[in-house]
Each structure stands twice: as C-alpha cells, then as structure tokens.
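Please look over the structure shown below, and then read the notes on its fold, its cores and a few of its residues.

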Amino acid sequence: MPRSTSPGQTPDAASSGESTDSTRRRIVAAAKEEFARHGIAGARVDRIAKQARTSKERVYAYFRSKEALYAHIAERETTALVEATQLDPADLPGYAGILFDHFAARPDHYRLITWGRLELAESADSTTSPLQATIAGKLDKLRDAQRIGLLDPAWDPVDVLALINQIAMTWAGQPEIAAAAADQAVDPSITARRAALVTAVERMFPRPD
C-alpha cells in the first residue's frame with residue numbers, strides 16, 4: 001500500500017523514509033522558529049536551510065513551498081494545542097488556566113498562530129479547517145452544558161468561548177503590559193497573573209455547585 005503524505009509534503013520526500021529523517025526534523029524545527037520570529041512573508045527559506053544545516057533545495061524536496069511548510073507546522077501546532085487544552089464545560093475557569101499555562105510555556109506557539117491569522121485570513125475563515133472543527137466541538141459541549149444546567153443559558157456559547165479564550169491569552173497577547181507587571185504589579189509573579197485571569201472567568205462563569 002502506498003504511503004500517504006503530510007500536507008505540503010512532496011511524494012519524493014515521503015518515499016525517502018521521512019519519519020526517521022533527521023534532516024526533515026531539523027527543517028521543521030528551524031522553520032517553526034523562523035515563522036514564529038518573522039511571520040510567513042518575512043521568513044526566509046535560506047535562513048531555515050542554514051539553521052537546519054542543509055540546502056534550500058533539500059527544504060523544497062520535502063515541502064513544495066514556504067507556505068506549504070508553514071501549513072504543515074501550523075497543523076502540528078494546532079493539534080498540540082487541542083490535545084493540551086481540552087475544554088471541561090463544568091470547569092471553565094480551569095480551562096482558562098490550562099490555556100494560560102500552554103501559552104506561558106509556549107510563547108512561540110502564540111506568535112506562530114498569530115502570524116497565520118494576520119497573513120492567511122482567508123484560510124482561517126474556512127469552515128472545513130481542523131481548527132474550525134475543534135471550535136465546533138467546544139461549542140457543542142457548551143450547549144450541552146446549558147441544557148443540563150451547568151452553564152447559564154442566557155449566554156451565547158460563541159461569546160463564552162471567545163471571551164474565555166481572549167482572557168486566557170491576555171498576557172501572551174500583551175507582552176508590553178507583562179513587562180510592566182514585572183516592575184509595577186503588587187505581585188509580579190506569573191502565578192499571580194494566572195490567578196487573576198482564572199478569577200475573572202470564575203466570576204463570569206462560576207463553577208456549578
């Protein structure tokens with residue numbers, strides 16, 4: 001049976017044993033850093049190749065284009081995000097804390113997906129993308145929670161999800177205020193920042209008794 005290829009991967013790359021190919025892994029690691037730092041338009045394949053200790057031609061042997069390479073990495077990062085941040089509709093403050101923890105540990109992930117939102121707006125709007133499927137699943141969980149009395153039915157689930165996500169990413173999305181907090185907050189610790197946003201979500205969407 002022929003082997004399937006990953007998004008953006010060429011058939012030649014798939015037939016070369018890519019699952020154990022250290023060059024391909026170095027390319028992906030270098031590209032993730034490059035895209036997080038410079039975005040898609042600003043990223044340079046020659047820098048990726050240099051960091052990966054390979055050639056531009058080898059990069060293109062695995063991935064048809066810079067955009068295909070970004071799409072591959074974005075899909076991997078989105079999968080990691082989904083697996084690490086499961087939504088429990090009975091504990092929305094806890095969900096906000098999990099999101100905060102993920103982006104606090106992975107600031108490169110936040111930058112990577114933000115570049116994609118800015119530069120690939122049309123792709124982000126696709127109703128068939130894996131991310132949109134994940135969002136739909138979370139909205140279904142929130143609707144179910146409303147039906148069984150775990151969540152106030154006066155809220156529209158899309159507003160609930162949008163508000164919690166935004167609150168959870170407050171510090172990831174405002175590094176300049178995070179820097180100010182290090183000098184001016186009563187408690188400058190990351191624990192205090194996390195506690196504040198969890199408390200905010202708790203007051204909006206309290207855990208059921």
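Contact, as the word is used here, means heavy atoms within 4.5 Å. With neighbours within four places in sequence left aside, I164 is in contact with L92, Y95, A96, V201 and F205. The model is a predicted one, in which local features need pLDDT of at least 70 and side-chain atom pairs count only at pLDDT 80 or more, while totals for chains, interfaces and linings use all residues. Residues are numbered from 1 along each chain as its sequence is written, and side-chain values use heavy atoms, with hydrogens and water left out.

**Overall fold**
- The protein has 13 helices and zero strands, where helices (H or I, at least four residues) and strands (E, at least two) are DSSP runs numbered from the N terminus.
- Of the contacts with a separation of 6 or more, 64% are between residues 24 or more positions apart.
- Buried residues make up 36% of the 209 residues; buried means under 20% relative accessible area, exposed over 50%, and partly exposed in between, with a 1.4 Å probe and protein chains only.

**Nonpolar cores**
- A nonpolar core is a set of buried Ala, Val, Leu, Ile, Met, Phe, Trp, Tyr and Cys residues joined through side-chain atoms within 4.5 Å.
- The largest such core has 24 residues, and those with the most contacts inside it are L92, L142 and I164.
- At least two residues of this core come from each of α6 (92-105), α7 (107-119), α9, α10 (157-168) and α13 (190-204), and the largest share, six residues, is supplied by α6.
- Another core lies apart from it and has 19 residues, among them I27, I40, V59 and L112.

**Charged residues**
- K138, which sits in helix α9 (residues 130-147), is buried yet has no salt bridge, and D88, the nearest side chain of opposite charge, is 12 Å away.
- A salt bridge is a side-chain nitrogen of Lys or Arg within 4 Å of a carboxyl oxygen of Asp or Glu; Lys and Arg count as positive and Asp and Glu as negative, whereas His and the chain ends are not counted.
- Apart from neighbours within four places in sequence, K138 is in contact with T85, L87, Y95 and L161.
- R58, found in helix α4, is partly exposed, with a relative accessible area of 32%.
- R58 and T23 are 35 residues apart in sequence, and their C-alpha atoms are 8.6 Å apart in space.
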